[in-house]
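Subject: Structure for your review

Dear colleague,

Please find below the structure that I am handing over to you. My findings follow it.

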Amino acid sequence: MNASLPLAVCLPLLGALATTLAPARARALGLIAALASSGVVLWLVVGVWEQGPLRASLGGWSAPLGIALAADGAVAALLAMTAMVALAISIHAGGYFRDPERLRQFWPLWLLLWAALNALFLAADLFNIYVGLELLGLSGAALAALGGGRAALTASLRYLLVGLLGSMTYLLGVALIYAAHGQLDLALLGTRLGPGLVDATALALLSLGLALKAALFPLHFWLPPTHANAPAPVSAALSALVGKVAAWLLLMLWLGPFAAVTQPAAATLLGLLGACGVIWGSWRALRAERLKLLAAHSTVAQIGYLFLFVPLIQGLDPGPERTALLGALLLMALTHGFAKAAFFLAAGQVQQLAGHDRIDALGGTAQRLPATTFTLGLAGVALIGLPPSGSFIGKWLLLEAAIDQGQWWWILPVLAGTLLAAAYVFRVLARAFNQEPTPLHFVTQVRAELPGLVLALLAVAGLGLATGALWGLLEPVEIDR
């Protein structure tokens, strides 16, 4: 089973190499690589389910000298979500890119990004997280530029520069930790870090670098133009996966090996930034004029929800309450990944067939693209947090913990964000069901709409109905390597 850890990284890399060497067969080779990568992740999930946490030391060298990969229940769940979303994007991209040259450029970059995502979730030391972040940023920026046009190129260049700034800031924190402790393995660092100036400064640098990549408010300025101008499959990946992995790494460091370094005031600050992101992102989504821009601003809000958990978890000792909150945090992350990928794929379908994604001109979409409209509605249910979606369960446990711990003020951004989300989702659906005629007549294309619809169903029904099984995989949940 341990062999599945390096294979989860190597197979997408080999696929990227194959599609580069044989560009004429890029689509077939890319789909084969996507299926093989998903199969390896399934093998890994089964291994974690049966044996518990897995760890592999590459080359036979153990920490602190060697490179280690590790997967617990939380990582297995995130890898499974990544594989399902990535497989849906891979299938959708084959029909989305009409230009064969653009499709040949897409596959190597996409598989490189997939490899980087798996490497980041599995990384067990700080430096290999940096390597994964660099690969993720370079491939993500190149993919965003596939949209063509001045706006897309400008946005991708901004994304590249912000990503490089975040990586360099993160690397400074890594250098401080290595100079102070002589090692970077996360499990070993968890026993040595403490409340000191050097460790606190290193955590601040690591956090700033990851917050830039996660688009945590107010460092989200690069996200809306990048996601709104990229091709729909790329926007789905950037929103559902790329931002998610950076946010997860930041949360993992705060609640895992650096828990002894953090202070209640710092955890509260992180929660406040998340709360501001929830309200600001939701408000901007409500005022957005384009469907993809609405989804991009909504991503800022959904990322903010994850950081509301930090001040509630930070002071808890290991036990059922902490496990429940960590499970709720993970459930929110998984639900957002499925829902946002589905929303962007549906928005891209509307834009491609109608020639625009202006919300005020979506009249007749429900009649001509019923599956796409249904996908938007289901994804909206998950973004709002209505039952039986996983986000409903996550928000419920978040509110319950805030009341139990006497930190009632965290209820306010959750309620405000939920109401604003309902407003912008129903605004889109109201326009889609409008009977006003549109100048373009397009018809439903089930094959192109199916990947997004499946992801939306997973966001709404799959996670909510499978919560018991999910808890079985994640019991006990500990963010640790």
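A crossing of two helices is called right-handed if the near helix is turned clockwise from the far one by less than a right angle, and left-handed if it is turned anticlockwise. In this predicted model, α10 passes α12 in a right-handed crossing. Helix α10 covers residues 232-255 and helix α12 covers residues 291-307; their axes lie 11 Å apart, at an angle of about 15°. Because angles under 35 degrees count as roughly parallel, α10 is roughly parallel to α12. On the α10 side, the contact includes A232, S235, S239 and G243, while α12 contributes residues including K292, T299 and I303. By class, this contact of α10 with α12 has seven nonpolar, four polar and two charged residues.

Helix α6 spans residues 149-181, 33 residues in total. The distance from its first C-alpha to its last is 48 Å, close to the 48 Å expected at 1.5 Å a residue. Just after α6, G182 takes a positive phi of about 75°.

Some backbone details also deserve attention. Most residues other than glycine have a negative phi, and most peptide bonds are trans. A215, however, is not a glycine and has a positive phi of about 60°. A215 is found in the loop between α8 and α9 and is buried, with a relative accessible area of 1%. The loop between α8 and α9 also holds P218, and the peptide bond from F217 to P218 is cis, with omega near 5°. Another cis peptide bond runs from P387 to P388, with omega near 5°; P388 lies in the loop between α16 and α17.

Yours sincerely

How values were computed: Residues numbered from 1 in each chain as written. Predicted model: local features only at pLDDT ≥ 70, side-chain atom pairs only at ≥ 80, totals over all residues. Heavy atoms only, no water. Helix = DSSP H or I, 4+ residues; strand = E, 2+ residues; numbered from the N terminus. Buried < 20%, exposed > 50% of the residue type's maximum accessible area, 1.4 Å probe, protein only. Expected span 1.5 Å × (residues − 1). Axes fitted to C-alpha atoms, helices over the stretch in contact; angles between N-to-C directions. Parallel < 35°, antiparallel > 145°, perpendicular 65-115°, else oblique. Contact = heavy atoms within 4.5 Å. Nonpolar A, V, L, I, M, F, W, Y, C, P; charged D, E, K, R; others polar.
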